[in-house]
Amino acid sequence: MPLTPEVLKAHGEVVAWLGSLDVSFATEEEPWFTVDGIESPGQIGGDLHEMRRAADALEATLDDEDDVNEAPEQIRRGLDLPEANDPVGALYDAVAASDAVVRATDGSPFTTLFNRFSIDTSPMLRNPAA
């Protein structure tokens, strides 16, 4: 079942619970990229294999975060959504199909939002991915 405004209205208690979660990723630093027409973009797109590696590494860093680890399943059940077979692949496909233009801080367009990012160069993700 697709997630529509009607589904969200029918599951108001889940939507209210989602609104209570602190999912702020705001930083004091300047953003390292922008997306034309979007003030606060998420970090998506790029090399699919690297995205899957990053997702696995990020999940490994949250092993002791019960609330965070349980939230996706609670949301899925609460909204009566099917289990996602490949959420990273679905995100990649959605971004690849868009006409969004992602720009570096100097205004030049990235070829992908991940640009040349690799978890092998990230001190935070390198160890959990091993």
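Biologist: Why is R52 called partly exposed?
Modeller: R52 has 33% relative accessibility. Buried means under 20% relative accessible area and exposed over 50%, with partly exposed in between (1.4 Å probe, protein chains only), so R52 counts as partly exposed. Bear in mind this is a predicted model: local features need pLDDT of at least 70, side-chain atom pairs count only at pLDDT 80 or more, and totals for chains, interfaces and linings use all residues. Residues are numbered from 1 along each chain as its sequence is written, and side-chain values use heavy atoms, leaving out hydrogens and water.

Biologist: What makes R52 and D86 a salt bridge?
Modeller: The N to O distance between their side chains is 2.3 Å. The rule asks for a side-chain nitrogen of Lys or Arg within 4 Å of a carboxyl oxygen of Asp or Glu, so the pair qualifies. R52 sits in helix α3 (residues 48-60) and D86 in the loop between α4 and α5, 34 residues apart. Helices are DSSP runs of H or I with at least four residues, and strands are E runs of at least two, numbered from the N terminus.

Biologist: And what does R53 pair with?
Modeller: R53 forms a salt bridge with D120, their closest N and O atoms being 2.8 Å apart. R53 is in helix α3 and D120 in the loop between β2 and α6, so the pair ties together parts 67 residues apart in sequence. E50 joins these two in a network of salt bridges.

Biologist: Why is R77 called exposed?
Modeller: R77 has 53% relative accessibility, so R77 counts as exposed. Its salt-bridge partner E73, at 32%, is partly exposed.
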